[in-house]
Amino acid sequence: MTDTHSIQLIDSELIGGTEDEPRLIGSQCERCGTVTFPRQRSCPRCTSEDVHPHELATRGALWTWTIQCFAPKAPPYLEGGAREFEPYGVGYIELPGEVRVEARLTESDPGRLRIGMPMELTLIPVPGASDKRTFAFRPVEDQ
Amino acid sequence: MSDDVAIVGLGIHPFGRHDGVSGLEMGAIAARRALANAGIAWNDVDFAAGGSDAAGNADTSVSMLGLTGVPFINVKNGCATGGSALTTAHAMLASGAAEVALVVGFDKHPRGAFNPLPEEWGIGSWYGETGLMLTTQFFAMKIQRYMAEHGISESTLAKVAAKAFANGARNPDAWRRTPLSEQEILSSRMVNNPLTQYMFCSPGEGAVALVLARGPRIKELAREPVYLRSVAFRTRRFGSFEVFAPSIPIESAPSATTEAAAAAFEEAGIGPGDVDVAQIQDTESGAEVMHLAETGLCEHGEQESLIQSGATELDGRLPVNTDGGCLACGEPIGASGLRQVHEIALQLRGEAGDRQVPKECRVGFTQVYGAPGVSACTVLTV
């Protein structure tokens with residue numbers, strides 16, 4: 001198992017854990033329990049500054065989704081990402097009791113995506129910078 | 001009443017593409033037209049506010065309009081730029097700090113989707129590099145969820161766009177003036193599921209200006225003043241689902257639009273059921289559907305029957321986006337909010353030409369929405 005320090009991450013503030021078992025890092029408010037992602041220094045709900053880093057759950061349910069069918073402009077996308085563009089899925093994944101996280105999906109076939117389906121966290125190469133990793137969610141394979 | 005505020009002059013520069021004309025020049029042209037429409041000169045104006053998102057500082061237009069020393073506040077508030085300018089002018093007039101005010105909104109955007117930088121919206125560069133910094137994704141994901149929860153069909157999304165282009169065809173100031181069928185809209189290129197190419201507006205160019213007055217100046221300047229009964233502007237609450245959000249809370253809250261609309265109706269002492277004609281932010285078809293219920297103009301889920309029955313068309317019970325909205329006029333960010341108010345004023349004055357709503361209109365309503373969760377609403381009457 002390689003920890004995520006040995007691979008380049010798009011932003012080390014966002015992603016922790018290991019390459020095989022990555023974790024998203026958010027924050028949780030000590031006062032009201034609110035979970036945010038990415039981490040922030042104060043709570044958007046109760047305004048407390050007493051917040052600490054919090055590793056998010058890695059599994060959840062697809063809350064909504066779309067397919068990005070045209071290449072985003074660079075910037076803010078990378079030039080290489082725009083050049084090698086293929087349509088990709090995007091969604092919000094509801095992590096039970098925590099928060100809904102926006103992410104790329106590894107699935108881009110609209111026929112294979114449905115609201116409520118189980119999803120899990122994974123890492124994918126950054127489009128246009130294959131030596132770096134960003135986070136995504138993939139459908140949980142049937143056991 | 002002495003604290004009444006009314007619109008007494010209307011000016012518009014056509015929307016679309018205007019090579020060789022700057023956004024600022026379009027703003028100045030719209031301002032001159034609004035002044036002429038009110039029958040006054042620039043030096044009669046004692047307060048001005050305005051802005052653009054990407055076409056420069058509104059106050060520099062004084063070099064074209066005349067250097068009169070007028071206080072001129074620049075506004076840069078995303079899609080709520082026009083609404084914020086109007087909020088400011090309304091407060092100045094209602095308080096008696098000014099007698100005659102001008103508001104102006106204009107913009108000029110390059111072709112293709114907007115490409116805002118995450119750093120300017122308080123998000124890390126990872127968000128853009130990962131491919132999440134797109135307003136189109138947000139609207140698609142919001143309507144995708146909404147359709148599943150409230151039984152809205154793809155046909156209804158297409159009908160919203162077909163209505164917009166039909167109305168745009170009757171509006172000489174619109175950009176897209178060719179009617180499209182529901183089938184043509186449904187079978188156009190997919191952009192962000194479930195929204196196709198013709199269900200989205202395009203960034204464009206254009207300008208709108210309004211002259212407003214208070215108290216006794218209203219009757220001096222206008223035969224038929226359009227009273228600005230209220231203007232309300234809100235930002236997002238914790239729990240609302242808004243654009244450019246790397247995460248959203250599970251606990252839900254009303255949108256900025258819901259709160260701005262409720263405040264506007266309350267301040268005006270007029271209910272959503274009294275509205276005769278409305279302009280609703282329609283950056284894409286789904287936005288019009290969702291905003292209709294968020295503003296209180298109908299119940300959640302009622303849009304399906306409302307739109308399928310033709311109630312929101314020009315001759316329907318509640319005509320919506322009579323000038324073609326953002327879908328047919330395009331989206332010059334700084335201008336769109338005031339375009340809505342301009343259109344309602346034309347409809348209430350009975351001067352909307354080929355697109356005049358046939359029934360009598362006495363109450364109008366407008367709503368704009370933009371990143372990162374702002375909304376401005378107005379109630380207008382004659």
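User: How many residues of chain A and of chain B make up the contact, and what makes a pair of residues count?
Analyst: In this predicted model, chain A gives 38 residues and chain B gives 32 residues to the contact. Two residues count because their C-beta atoms, placed from the backbone, lie within 7 Å.

User: Which elements of chain A give two or more residues to the side that touches chain B?
Analyst: They are β6 (59-68), β7 (88-95) and β8 (99-105) of chain A. The largest share, 6 residues, comes from β6(A). By residue type, that side of chain A divides into 24 nonpolar, 7 polar and 7 charged.

User: Why are β8(A) and β9 (residues 247-248) of chain B said to pair?
Analyst: Pairing needs at least two bridges found by DSSP. β8(A) and β9(B) are joined over 2 bridges, so they count as paired, in the antiparallel sense. In β9(B), B:S247 is the bridge partner of A:V101.

User: How do you know that the span of helix α1 of chain B is close to the expected one?
Analyst: Helix α1(B), residues 23-38, has 16 residues. From first C-alpha to last it reaches 23 Å, against the 22 Å expected at 1.5 Å a residue. Just after α1(B), B:G39 takes a positive phi of about 70°.

Methods:
Residues numbered from 1 in each chain as written. Chains lettered and ligands numbered in written order. Predicted model: local features only at pLDDT ≥ 70, side-chain atom pairs only at ≥ 80, totals over all residues. Helix = DSSP H or I, 4+ residues; strand = E, 2+ residues; numbered from the N terminus. Expected span 1.5 Å × (residues − 1). Nonpolar A, V, L, I, M, F, W, Y, C, P; charged D, E, K, R; others polar.
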